2 protein chains.
Amino acid sequence: MKPSNEISSCKTCVYRKLLFDSLTEEEYQMVNSSRKEFIYRRGEIIRREGDPIDSFLYLRSGLIKLYKTDRNGKDHILSLNKPGDFISLLSIFSNSVYKYSIAAVEETKVCDIDLVILHKVVSTNNKFALRVLNRMSKVSDDIIESQFEIRQRQVKGRIAFFLLFLTNKIYRSHEFRLPITRREIGELISMTTENTIRTLSEFKKDGIISMEGRTINILDYERIKGISNTG
Amino acid sequence: MKPSNEISSCKTCVYRKLLFDSLTEEEYQMVNSSRKEFIYRRGEIIRREGDPIDSFLYLRSGLIKLYKTDRNGKDHILSLNKPGDFISLLSIFSNSVYKYSIAAVEETKVCDIDLVILHKVVSTNNKFALRVLNRMSKVSDDIIESQFEIRQRQVKGRIAFFLLFLTNKIYRSHEFRLPITRREIGELISMTTENTIRTLSEFKKDGIISMEGRTINILDYERIKGISNTG
DNA sequence: TGAGCGATATGACATATATCATGATTAGTG
DNA sequence: CACTAATCATGATATATGTCATATCGCTCA
């Protein structure tokens with residue numbers, strides 16, 4: 001991890017209207033001056049489960065995973081998050097600790113705002129507080145929702161669901177590079193690495209996707225949708 | 001569902017200190033006067049997924065389940081909640097709709113506070129707002145946590161985990177009546193009714209629990225803990 | 001009070017998924 | 001550039017779990 005040298009500000013941030021457009025000039029100055037920016041490379045851990053929450057994290061670019069490690073040392077990925085999502089969960093209001101770990105799955109730029117500053121702004125600007133709240137609760141809602149979707153499917157349906165997730169939510173394209181290893185896909189949808197690989201190979205053999213290493217092309221979108229809906 | 005006739009107030013509520021002790025007399029009057037109380041019997045649906053959120057619900061006595069119905073009509077229970085837990089999720093701040101259904105699994109008394117009133121108090125009393133926020137985020141945190149615990153175990157471990165949950169979190173006793181059917185247990189821990197029944201029977205045959213209909217007695221707590229930790 | 005339905009129970013069998021083994025390929029690193 | 005370790009890949013087999021069938025029990029309500 002290293003500090004970013006890029007000159008930037010919340011004002012020019014593309015995600016500004018998601019969050020900061022309700023701040024007064026003074027509030028904005030407070031937030032922006034306390035703000036640090038960090039760059040993490042693929043694999044780097046941004047926060048560990050149990051770390052104290054002392055800042056408000058905001059994903060500027062890249063892709064991260066939220067995950068928890070179980071008692072056997074096996075990781076379970078809760079969600080993949082892209083810019084615009086909040087990383088810090090609601091726990092930041094209870095001044096608690098992280099309930100899961102956060103790692104970069106590709107080069108990722110993170111904004112870091114001191115929690116004391118954020119609290120100050122939140123307590124004086126009601127509109128902003130509500131905005132923060134909304135964005136944050138979305139993260140947990142999404143986790144619960146996707147876990148629900150995963151647990152009602154079996155292997156093929158889960159893989160299909162995951163491919164649709166990448167197609168529609170992450171890349172908005174039928175062609176993309178898998179951002180995570182097959183092992184991580186397994187950790188995300190609760191199945192073994194072997195079965196993940198096997199199922200992707202099967203999809204390829206059946207001609208509904210093409211696959212060259214990490215590069216995937218959704219050839220038969222409707223068929224994948226069908227598998228996601230029935231498997 | 002029927003209105004409760006019991007004379008009660010937030011002031012004398014046993015859960016008062018969890019939430020209402022930071023209200024001024026005036027705020028308290030506002031909340032308490034808008035407050036309605038309802039009683040639901042076992043099986044009654046309190047809210048359905050998709051219902052608009054127009055009130056703040058608070059569980060006074062009884063036990064409820066939060067659940068979602070999948071595309072095949074199968075229910076998946078997200079959590080069992082007891083008094084002191086908040087039913088309304090954070091979505092109440094975005095004035096949205098329920099993301100899951102809520103049903104009573106035993107006779108349950110629910111306090112219902114008009115959302116407009118709650119918003120008013122929240123926007124003027126910061127301490128209260130934070131309190132509400134904390135209690136509400138706990139519900140989603142708990143759901144995510146328990147789903148994580150379930151998904152890392154297999155059948156026996158899940159049943160053992162569920163028995164420990166009832167023992168430690170719900171009844172605080174080694175002897176209790178199962179609040180839900182075997183089918184619902186399956187819906188909670190993602191397994192079939194048959195396997196749920198089989199596993200409970202096996203635990204009984206092995207002498208680690210006694211079981212007479214819905215009445216369970218944890219005979220060998222350490223053994224169950226062991227199964228929960230390794231299975 | 002008894003007809004009927006859901007819950008509990010259990011066995012036989014089918015199937016999904018995990019595990020283990022073994023190579024080939026790829027990516028990172030000195 | 002070569003070495004090492006991770007990733008990807010696939011088959012054989014074991015195991016966990018689901019499915020289907022059938023029976024009893026015990027409510028609930030007409």
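Student: What makes us say that β9(B) and strand β11 (residues 215–218) of chain B pair, and in which sense do they do it?

Tutor: Over 3 bridges, β9(B) and β11(B) pair in the antiparallel sense, and they count as a pair because the rule asks that DSSP find at least two bridges between two strands. The names themselves come from DSSP runs numbered from the N terminus, where helices are H or I runs of at least four residues and strands are E runs of at least two. Before we go on, please keep in mind that this is a predicted model, in which local features need pLDDT of at least 70 and side-chain atom pairs count only at pLDDT 80 or more, while totals for chains, interfaces and linings use all residues. Residues are numbered from 1 along each chain as its sequence is written, chains are lettered from A and ligands numbered from 1 in the order in which they are written, and side-chain values use heavy atoms, with hydrogens and water left out.

Student: Which residue stands opposite B:Glu175?

Tutor: Across from B:Glu175 you will find B:Asn217, a residue of β11(B).

Student: Why do β9 (175–177) and β10 (209–212) of chain B stand at the edges?

Tutor: The open sheet has 3 strands in the order β9-β11-β10 (chain B), with antiparallel pairing. Each of β9(B) and β10(B) has a single partner strand, so one side of each is left without a neighbour in the sheet. From one strand to the next, the twist averages 15°. Across β10 and β11 of chain B lies α7(B), which runs at about 120° to β10(B).

Student: How do we know which residues surround DNA strand C, and which are the closest?

Tutor: A residue is near a strand if one of its heavy atoms lies within 4 Å of it. By that rule 15 residues surround DNA strand C, the closest being A:Gln154, A:Asn195, A:Arg198, B:Arg182 and B:Ser201. Of the atoms of DNA strand C within 4 Å of the protein, 62% belong to sugar or phosphate, and the rest belong to bases.

Student: What makes the approach of A:Asn195 to a phosphate oxygen of DNA strand C a polar contact?

Tutor: A polar contact is a pair of N or O atoms within 3.5 Å (within protein, one must be able to donate a hydrogen and the other to accept it, and residues adjacent in sequence count only if both atoms are side-chain atoms). An N or O atom in the side chain of A:Asn195 is 2.7 Å from a phosphate oxygen of DNA strand C, so this pair meets the limit. A base nitrogen of DNA strand C is 3.3 Å from an N or O atom in the side chain of A:Glu194.

Student: Which helix gives the most to the surface near DNA strand C?

Tutor: That is α7(B), with 4 residues. Near DNA strand D, it is α7(A) that gives the most, with 4 residues.

Student: How do the residues of the surface near DNA strand D divide by class?

Tutor: There are 3 nonpolar, 5 polar and 7 charged residues, where Ala, Val, Leu, Ile, Met, Phe, Trp, Tyr, Cys and Pro count as nonpolar, Asp, Glu, Lys and Arg as charged, and the others, Gly among them, as polar. One of the contacts here places a base oxygen of DNA strand D 2.9 Å from an N or O atom in the side chain of B:Arg198.

Student: Why are α6(A) and α7(A) called roughly perpendicular to each other?

Tutor: Their packing angle is about 105°, with the axes 8 Å apart; axes are lines fitted to C-alpha atoms, for helices over the stretch in contact, and angles run from 0 to 180 degrees between N-to-C directions. Angles under 35 degrees count as roughly parallel, over 145 as roughly antiparallel, 65 to 115 as roughly perpendicular and the rest as oblique, and α6(A) and α7(A) are therefore roughly perpendicular.

Student: Why are α5(A) and α7(A) described in relation to each other as roughly perpendicular?

Tutor: The axes of α5 (residues 155–170) of chain A and α7(A) come within 10 Å and cross at roughly 75°, and the two helices are therefore roughly perpendicular. In α5(A), residues including A:Val155 and A:Leu163 meet residues of α7(A), including A:Asn195 and A:Phe203. By class, this contact has 6 nonpolar, 3 polar and 2 charged residues.

Definitions and conventions. Contact = heavy atoms within 4.5 Å.
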